[in-house]
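Hello,

I am handing over the structure we spoke about.

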Amino acid sequence: MRRGPGSARRNRAVSVCAPSACLLLTVVVPSSLQAQALTADLFRPEKGGFVQAQDLPTRKALDPKTRDPVDEPRLVTLDGSAPAAPVRSALKVPAPAAAPGDYDPQNRRHKVAKLYPGQPKPKKLGPGNVAPTAAAPNAATTIQRRQAPIAPALAGTVPGQPPRKRLKPDDNPFDPIGTRVGGFLVKSAVELRGGYDTNPARLNAPKGSAFYAVAPELMVTSDWSRHALVADLRGSYTGYGTTLGTDGLSNPLPAPVNLDRPNFDGHIDGRLDATRDTKLLGQLRMRVFTDNPGSPNIQTGLTKYPLGLTAGTSLGIDQSFNRLQIAAVGSFDRTTYQPSQLTDGTTDGNNDRNYNQYGGVMRVSYELKPGIKPFGEVQVDQRARDQATDRSGYQRSSHGTSVKGGTSFEFSRLLTGEIAIGYGLRSYADPRLADLTGLLTSASLIWTATPLTTARFSSTTSLDETTLAGVSGVLTRTYSFQVDHDFRRWLTAVGRFSWGTSDYQISDRFDKFGSVGGDLIYKLNRNLQVKAQLRRDWLDSSVPGSSSAATVVTLGVRLQH
């Protein structure tokens, strides 16, 4: 292709202007110009060491509303060093992240967020759908973020996670927690009480005395998937500050001089689950006791109460046939008494009161419907005395039989319990002693009137032994009623009332006894309680001079774990 005259003229102008521009720069700029030297700074293994961050081809796309810190003007001091960093506020608002629909110059594929089961799908951006903007955190939010982090599963912030179920409130927040020892739960407690009793010996002519009491407790319960073992041990010791003398006429009182008396009642129950429907039952028990104050069995002129000991065991089986349940238990008990110590320095043996008892009980029950289970029970026993005759010349070895029928029930968990009625008979080896017979009633009812109020009723009937000459035994019936009310979770009031009769058969003696009182329990925590009690006891006897009454005031603390 031929070039025209214009091309020649243009080439001559460029060749003339280029040297002229170089000459002008040489005159204006006094410093010498040199080519860039190859130094080690060009090969620094740092981000931005060779190519600045804003010139990287793989830089991230930013929101046009935000500024890239690398695009900000760079400031230098006169000596060439960087200025000090400005002081920033603690409440730093983070820049919002780029929306999924923003432009990406690298044409990279956006990562789709994984949705958990139940998580709602996010709406696609478009006409009518605007991306939500994060609100700037306030001071309270910033303070919370500075706290220790919480796992999302625990905080309930995992997407799609169902809401956490709230824990059930503790119905008994002041009950002891106990101690775990292997597969057992151990609970222990001790009560320390002090007070005043207007008639501790339960005499017709009262004589008051201050007293103290120490009552330890131990409960051990197994926590096994099969089988069960429970140990319940309770004891007490009551001491009085005064002693009794004579009645003023140098006659000994029908009560010991020293009124201190211990008490212990413990049993260990076990259950062995042989099969789903067969269970083997066992029990070991022991009881240390004294005759009740005011009892006619107490001798005259005693120095202290003679102790009695009853120890025994039971073995049985419980078999279920669908709704039919049959239980049979055999038992053996040994009862002994210490010799009586008299005020004149002599002792009197109580071997005539010692005996062995062999017995058995069989119970058949049938579940008519959930919550109603009628039953029938038959019990037989044989009592063999160590001595053929007692101190009055009577042969008191005997055998007894009792039959009862009743039902256990549960109505909507508001009224639960058991009630039964029957008949008892005890025949003695001595023909001069008539048979001890009577109607037997037993009941144990619990009525939950409100979540704060609970009422309990119980009834028992027993055929008891006696040392009175010519008297076969004592038919004792006792009825008690108790109401518990929680004014607060930490403040409980308890009201008690009991009434009963003692029928000394083949005798003119007939006693009526009762008790009414109230307790106030202040629960400081799970391990400490303060208790106050006021009680009134009375005995109305058909025998002149045997009636008594007493008022008891008690204040104490309970330590439990």
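**Strand pairing**

Gly308 has Tyr337, in strand S8, as its bridge partner. This is a predicted model, in which local features need pLDDT of at least 70 and side-chain atom pairs count only at pLDDT 80 or more, while totals for chains, interfaces and linings use all residues. Residues are numbered from 1 along each chain as its sequence is written, and side-chain values use heavy atoms, with hydrogens and water left out.

Strand S7 (residues 308–321) pairs with strand S8 (residues 324–337) in the antiparallel sense, over 14 bridges. Strands are DSSP runs of E with at least two residues, numbered from the N terminus, and two of them pair if DSSP finds at least two bridges between them. S7 and S8 make a hairpin that has 2 residues between the strands. In that turn, Asn322 has a positive phi of about 60°.

S8 also pairs with strand S11 (residues 355–366), again in the antiparallel sense and over 12 bridges. Here Asp333 has Gln357 of S11 as its bridge partner.

**Salt bridges**

A search of the whole structure gives 30 salt bridges; the term covers a side-chain nitrogen of Lys or Arg within 4 Å of a carboxyl oxygen of Asp or Glu. Side chains of opposite charge can pair when their charged atoms come close.

Asp333 takes part in one of these bridges, with Arg285, and the closest N and O atoms are 3.0 Å apart. Arg285 lies in strand S6 (residues 278–289) and Asp333 in S8, so the pair ties together parts that are 48 residues apart in sequence. Asp333 is buried, at a relative accessible area of 12%, whereas Arg285 is partly exposed at 21%. Buried means under 20% relative accessible area, exposed over 50%, and partly exposed in between (1.4 Å probe, protein chains only).

Asp484 and Arg456 form another salt bridge, with 3.0 Å between the closest N and O atoms. This pair links distant parts of the chain, since Asp484 is in strand S17 and Arg456 in strand S16 (residues 453–464), 28 residues apart. Asp484 is buried, with a relative accessible area of 17%; Arg456 is partly exposed, at 35%.

Glu217 and Arg558 also meet through their side chains in a salt bridge (3.1 Å, N to O). Because Glu217 lies in strand S3 and Arg558 in strand S21, the pair ties together parts that are 341 residues apart in sequence. Glu217 counts as partly exposed at 22% relative accessibility, and Arg558 as buried at 13%. Both belong to a network in which salt bridges that share partners join Glu191, Arg193, Glu217, Asp232, Arg234, Lys531 and Arg558.

**Nonpolar patch**

There is a nonpolar surface patch of about 930 Å², and its residues include Leu192, Tyr212, Trp490, Tyr522 and Leu559. Such a patch is made of residues with over 30% relative accessible area and no salt bridge, with nonpolar side chains (Val, Leu, Ile, Met, Phe, Trp, Tyr) joined within 5 Å. The areas come from the Shrake-Rupley method with a 1.4 Å probe.

Strand S3 (209–222) and strand S21 (548–560) each supply at least two residues of the patch. S21 gives the largest share, 3 residues. Trp490 is found in the loop between strand S17 (474–488) and strand S18 (491–504), and is partly exposed, with a relative accessible area of 36%.

Regards

Terms used: Helix = DSSP H or I, 4+ residues; strand = E, 2+ residues; numbered from the N terminus. Patch = residues over 30% accessible without salt bridge, like charges linked within 9 Å, V, L, I, M, F, W, Y side chains within 5 Å.
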